[in-house]
Amino acid sequence: QVQLVESGGGLVQAGGSLRLSCAASGPTFTSGFIGWFRQAPGKERRFVASVYWKINSTIYADSVKGRFTISRDVAKNTVNLQMNSLKSDDTAVYYCGWRGRSDLAYVYWGQGTQVTVSS
């Protein structure tokens, strides 16, 4: 089992920056992918970025490329999402999730953290 706890959300003006963290624990979390997703009011949860822990391979949604950076901190067992040049469209609840290599979908989720970008 994998446990995930997000932190770092808040209110920021458009053009500003925020850094989210996802603290991971459990015996198997290093063998899979940790991803960030977001869900705006009335919309489906959507993929933002992910990292494959073992080789630090990253993937981004087109909407955040060049503005967001996902990184892992091996010493702290965290996955961070640095968000720059924020837009009002980035307003959402941000979740981190975990899946194993053979899983078709993300299996474990954190509780989410609110990000609000004011224009």
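User: How many aromatic pairs does the structure hold?
Analyst: This is a predicted model, in which local features need pLDDT of at least 70 and side-chain atom pairs count only at pLDDT 80 or more, whereas totals for chains, interfaces and linings use all residues. Residues are numbered from 1 along each chain as its sequence is written, and side-chain values use heavy atoms, with hydrogens and water left out. Rings of Phe, Tyr and Trp (its six-membered ring) pair if their centres lie within 6.5 Å, and the planes count as stacked under 30 degrees apart, edge-to-face over 60 and tilted for the rest. By this rule, the number of aromatic pairs in the structure is seven.

User: What is the angle between the planes of Phe-37 and Tyr-106?
Analyst: A pair of aromatic rings is described by two values, the distance of the centres and the angle of the planes. For Phe-37 and Tyr-106, the centres are 4.8 Å apart, and the pair is edge-to-face, with an angle between the planes of 75°.

User: How many residues apart are Phe-37 and Tyr-106?
Analyst: Strands (E, at least two residues) are DSSP runs, numbered from the N terminus, as are helices (H or I, at least four). Phe-37 lies in strand β4 (residues 32–39), while Tyr-106 is in the loop between β9 (92–100) and β10 (108–109). The pair therefore links distant parts of the chain, and the separation in residues is 69.

User: Is Phe-37 buried or exposed?
Analyst: Buried means under 20% relative accessible area, exposed means over 50%, and partly exposed lies in between (1.4 Å probe, protein chains only). Because its relative accessibility is 10%, Phe-37 counts as buried.

User: Which kind of aromatic pair do Tyr-106 and Trp-109 form?
Analyst: Tyr-106 has 16% relative accessibility and so counts as buried. The ring centres of Tyr-106 and Trp-109 are 5.9 Å apart, and Trp-109 counts as partly exposed because its relative accessibility is 33%. With 40° between the planes, the pair is tilted.

User: Which residues form one aromatic cluster?
Analyst: Two pairs have already been described, namely Phe-37 with Tyr-106 and Tyr-106 with Trp-109. The cluster also includes Phe-47, and its members are Phe-37, Phe-47, Tyr-106 and Trp-109.

User: The charged end of Arg-45 sits over the ring of which residue?
Analyst: A charge sits over a ring if NZ of Lys or CZ of Arg is within 6 Å of the ring centre and within 35 degrees of the ring normal. Arg-72 lies over the face of Trp-53 in this way, at 5.6 Å from the ring centre. The charged end of Arg-45, in turn, is 3.7 Å from the centre of the ring of Tyr-95.

User: Which residue in β8 stands opposite Asp-73?
Analyst: Strands β7 and β8 (residues 78–83) pair in the antiparallel sense over six bridges. Opposite Asp-73 stands Thr-78.

User: What is the length of the polar contact between the side chains of Ser-21 and Asn-80?
Analyst: A polar contact is a pair of N or O atoms within 3.5 Å; within protein, one must be able to donate a hydrogen and the other to accept it, and residues adjacent in sequence count only if both atoms are side-chain atoms. Ser-21 is in strand β3 (residues 18–25), while Asn-80 is in strand β8. At 17% relative accessibility Ser-21 counts as buried, and so does Asn-80 at 5%. The contact that joins their side chains is 2.7 Å.

User: How many residues of strand β5 are buried?
Analyst: Strand β5 (residues 46–52) is mostly covered. Six bridges join it to β4, and these two strands run antiparallel, whereas β5 and β6 (residues 57–60) pair in the antiparallel sense over four bridges. Of the seven residues in β5, the number buried is five.

User: Which residue in the turn of the β5 and β6 hairpin has a positive phi?
Analyst: In the hairpin of β4 and β5, which has six residues between the strands, Gly-42 takes a positive phi near 75°. In the hairpin of β5 and β6, four residues lie between the strands, and the residue with a positive phi of about 60° is Asn-56.

How values were computed:
Pairing = 2+ DSSP bridges.
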